[in-house]
Structures are given as C-alpha cells and as structure tokens.
Amino acid sequence: MRRLFHLPLSPFCRKVRLVLGEKRLDVELVEERPWDRRIDFLRLNPAAAVPVYVSAEGAVISDSNAICEYLEETGPEPRLLPSDPIDRAEARRLVAWFDDKFHREVTVNLVYERVNKRLKKEGYPESAFVKAGAKNVKHHLEYIGWLIEGRKWLAGDHLSLADFAAAAHLSCLDYCGDCPWDISPPAKDWYARVKSRPCFRPLLADHMPGFPPKPHYADLDF
C-alpha cells in the first residue's frame, strides 16, 4: 500500500493528495508532525519535512514537487503537465509561484502564524505578519482572477498541476476563513470548479482537533 506522511493543513501535502486523488491512486495517509522529529520519520526524510511518499514498491520520495513529478511520470492518466513545452513551462512557473511567492507572502503569514504556531506551542500570532498576509492574499486573488479571465484553467486550456498547487494553498486559507473571495469573482468561480472535483472531497472532510473549519469550508456552493 502506498503511504503519504502528511500534515492536514500543509499546502504541499494537499497538492500531493490532489494529484493522487485525480489519478485515482489509493494511499494510506499517515499524519506526521515533523517538528516532533521522530527517529523513524527522520530515517525517511532527514530534512524533517512533509510530505514524504512511500510507493507501493517501497521507494521513499520527499519534496512535494519531486513526488508530483514522479506520479506524473509513473502514474496513470490524466496527465497534469501539458504536452506542449511552452504550456508545460507555464504550469511549472505557476506551481513555483504558489509554492514560493504565495507561500512566503500569504500562507506563512496566515496559516502558519495562526495554526502551526499553536500546534508547536510557539506562542501567539504576530499581528504584523497576519496583517501582511491579509493584504497580500488580495493581490494574489486578483492575479488568479486575471489569469482565469483569459484561460479555462490557470496554465491554459486543461487542468494542470498549477491548479492543484494554487488550490492547495487557498484551501488551507479557506479552512481558516482567510480567503476574501469577494475580491475576485473569477477566482472564486475557478476555485469552486476545482473544489467540486472528486479528488477534493477528502480535503473537505479534514478536521483538525482544536481547529474546526469555517462553516462554508466544505460547501460547494459557497
């Protein structure tokens, strides 16, 4: 059985879960708090970071992009990276945009400050970081809206890894009620389409003890 060591509100883990779900690959989810630095987990990934994927054959792969590329190369249809080199480059650019820029400017300032700090018992959120994240997310939603007004999906005419990377981060924010969807109706409509896919259902069922999701989180007509 395939296994994925993950943290429910990690956007990187969620991205991998969406890819696995879209490709209809069954996986056993193993919740892992990497800051606990369990010896058995460190043997799998000395970097002490999730996600870590263990294939059916026992191969261990860490880093969300490495895992997604592996699943793309070895897994079944549908393909989540375009066949055209230019389109494929655009999909990868957007994955990097959300996993780097969006992550630094928004996810770290909102989700990590409000949730991860509490889980790690590192004190209270820094209000300056939270305010910065709340401001930055508006610009990113406008960018998503601008992209989607000229394309069917974020990277072009077909659903791709770019959509899952973006939706993974936004779903963490939405869980916490930190997505001002009224900023960009096109971005909201795009997210509703991704959210309605069968691969998204397990994410909508997530429930972290002590951190209940906002009432609209699992609502497809939010």
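**View 1. Arg24 and Arg37, two non-glycine residues with positive phi.** Arg24 is exposed, with a relative accessible area of 77%, where exposed means over 50%, buried under 20% and partly exposed in between (1.4 Å probe, protein chains only). Arg24 lies in the loop between H1 and S2, and its phi is positive, at about 55°. Arg37, in the loop between S2 and H2, has a phi of about 50° and counts as partly exposed at 48% relative accessibility. Most residues other than glycine have a negative phi. The model is predicted, so that local features need pLDDT of at least 70 and side-chain atom pairs count only at pLDDT 80 or more, whereas totals for chains, interfaces and linings use all residues. Residues are numbered from 1 along each chain as its sequence is written, and side-chain values use heavy atoms, with hydrogens and water left out.

**View 2. The β-α-β unit of S1, H1 and S2.** Strand S1 (residues 3–6) and strand S2 (residues 28–31) run parallel and are joined by 4 bridges; strands pair if DSSP finds at least two bridges between them, and helices (H or I, at least four residues) and strands (E, at least two) are DSSP runs numbered from the N terminus. Phe5 has Val30 of S2 as its bridge partner. Together with helix H1 (residues 11–22), the two strands make a right-handed unit, meaning that, with the strands pointing away from the viewer, the path from the first strand over the helix to the second runs clockwise.

**View 3. The packing of H5 against H7.** The axes of helix H5 (residues 127–149) and helix H7 (residues 185–195) are 7 Å apart and meet at an angle of about 75°, which makes H5 roughly perpendicular to H7 (65 to 115 degrees). Axes are lines fitted to C-alpha atoms over the stretch in contact, and angles run from 0 to 180 degrees between N-to-C directions. H5 contributes Leu141, Ile144, Gly145, Ile148 and Glu149 to the contact, and H7 contributes Pro186, Ala187, Trp190 and Arg193, contact meaning heavy atoms within 4.5 Å. Ser184, in the loop between helix H6 (161–176) and H7, is buried, with a relative accessible area of 6%; leaving aside its neighbours within four places in sequence, Ser184 is in contact with Leu141, Glu142 and Gly145.

How values were computed
Angles under 35 degrees count as roughly parallel, over 145 as roughly antiparallel, 65 to 115 as roughly perpendicular and the rest as oblique.
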